[in-house]
Each structure stands twice: as structure tokens, then as C-alpha cells.
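Here are some notes to read alongside the model. Please keep the sequence and the 3D view open while going through the points.

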Amino acid sequence: MNILHIDSSILGQNSVSRQLTQALVDAIRARRPGAGVVHRDVAADAIPHLSGEILGAAFAPEAEWNDNQRSERARSDALIEEFLAADVVVIGAPMYNFSIPSQLKAWIDRVAAAGRTFKYTENGPQGLAGGKKVIVASTRGGVYSTEQGRLMDFQEDYLKSVMGFLGITDVEFVRAEALNMGQDKRETAIWAAKDAIAKLAI
């Protein structure tokens with residue numbers, strides 16, 4: 001089994017999503033001792049956001065690419081290969097301003113690549129990255145699992161939708177919310193999330 005471990009929190013050792021992704025990877029490896037892990041920290045080692053220059057390489061002959069286009073194409077290829085090679089993708093996704101960190105979005109923009117992880121057909125888009133499981137460690141300072149809260153949730157629905165677009169239907173969330181609503185609620189949320197991780201069927 002190959003595990004791709006993605007962290008995106010900017011909070012370092014204070015990050016709950018990082019605690020949970022590590023607990024997830026540890027739980028999987030305890031059950032699958034031979035599993036290999038590739039860890040990519042997109043906050044500490046940020047992926048440049050797509051630009052017109054980077055994207056423009058797709059519409060120009062390789063002989064005309066500049067040095068930046070060549071290096072960024074190599075980076076994108078490496079990210080896509082890591083993603084496609086993974087049997088399980090563990091993603092740490094804290095909610096920032098109702099959505100995901102821009103660093104995580106930069107990673108998604110690289111791995112969501114036409115002709116590699118999806119393609120357009122006469123019947124619409126078709127995902128090419130199926131057959132893998134994605135587990136998201138979702139963390140929120142407030143509560144967004146209520147009917148009212150879901151109206152402001154552009155984090156979990158987005159991740160489920162984009163993975164579905166890439167052909168991945170097995171997407172599971174481990175959630176810790178109310179993390180900024182007092183120490184008791186924070187500790188309870190973290191305990192509940194870790195308990196859920198212990199019970200996951202992987």
C-alpha cells in the first residue's frame with residue numbers, strides 16, 4: 001500500500017489537522033506494516049500557485065518553454081505521479097475563512113490535470129484517478145456541521161466534489177470542530193476525532 005500524506009496547516013506544531021493526519025497515517029501503518037508513505041507539507045514547502053506563464057507551457061512547444069516553465073512542469077509531473085501512485089491519500093484540511101488553505105488549493109490545481117487525472121469526453125468529464133481512498137482530516141474553529149453552519153461550508157463539499165471529479169468516490173472525513181470555542185470543546189473534539197480514526201476500516 002502507498003500512502004500520500006498531505007499537510008496544509010500554517011500552524012506547525014499547534015495544528016490539530018497535523019495531529020489528526022499523523023494519527024491517520026499511524027493507524028493505517030499499524031494495520032498495514034508494509035505501507036510506504038510519501039509526506040508532502042504544502043505549507044512548509046509551498047507549491048507556487050498557477051500563473052499564466054506556468055499554464056501557458058501547455059499551449060506552447062516544449063522547445064519554447066523558459067526555465068521557469070520547465071521547472072514548474074517537472075514539479076507538476078512529480079505531484080501528479082505521487083497522487084496517482086497512492087492507494088490512500090490522507091489530507092489535512094483546516095478551514096480558513098470557510099474554505100481550504102490556499103496552499104492546499106495550489107496542490108489541487110496541480111494534480112487536477114486534464115489528460116492525466118481527468119479527461120473531457122462527448123458525455124462530459126471523466127475522472128481518471130479512481131480506485132483510491134481519500135481520508136480528510138477536517139478541522140474548524142467553529143461549528144459548521146449544523147444546518148445553518150453548512151451554508152458557510154466551502155471546505156468539505158469542495159474537497160468531496162473535486163475528488164469526485166477526478167474519479168474518486170471513496171472520500172471519508174474525520175472532523176474536529178468547535179476548536180476555538182473553549183478548551184473543553186477543543187479537547188472533546190480532538191478526542192472524538194482520534195476515536196473515529198481508531199475505528200476506521202482501512
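1. A contact here means heavy atoms within 4.5 Å. Among contacts in the chain between residues at least 6 apart in sequence, 77% join residues at least 24 apart. Please note that this is a predicted model.

2. The secondary structure consists of seven helices and seven strands. Followed along the sequence, these elements come in the order β-α-β-α-α-β-α-β-β-β-α-α-β-α.

3. On overall size, the chain has a radius of gyration of 18 Å. A compact globule of 202 residues would have a value near 17 Å, so the two agree. Along the principal axes, the C-alpha atoms fill a box of roughly 60 × 40 × 40 Å.

4. How much of the chain is buried? Of the 202 residues, 43% are buried. The chain exposes about 10300 Å², and carbon and sulfur atoms supply 50% of that area.

5. The chain carries 22 positive and 25 negative charges.

6. Is R110 buried or exposed? Its relative accessible area is 2%; buried means under 20%, so R110 counts as buried.

7. What does R110 touch? Leaving aside residues up to four places away in sequence, R110 is in contact with I47, P48, L50, I54, E72, R75, S76, L79 and I80. With S76 there is also a polar contact of 2.8 Å between the side chains.

Technical notes
Residues are numbered from 1 along each chain as its sequence is written. This is a predicted model: local features need pLDDT of at least 70, side-chain atom pairs count only at pLDDT 80 or more; totals for chains, interfaces and linings use all residues. Side-chain values use heavy atoms; hydrogens and water are left out. Helices (H or I, at least four residues) and strands (E, at least two) are DSSP runs, numbered from the N terminus. The radius of gyration is taken over C-alpha atoms; the globule rule is 2.2 Å times the number of residues to the power 0.38. Buried means under 20% relative accessible area, exposed over 50%, partly exposed in between (1.4 Å probe, protein chains only). Accessible areas come from the Shrake-Rupley method with a 1.4 Å probe; for residues, only the protein chains shown count as cover. Lys and Arg count as positive and Asp and Glu as negative; His and the chain ends are not counted. The place of a charge is taken as NZ of Lys, CZ of Arg, CG of Asp or CD of Glu. A polar contact is a pair of N or O atoms within 3.5 Å; within protein, one must be able to donate a hydrogen and the other to accept it, and residues adjacent in sequence count only if both atoms are side-chain atoms.
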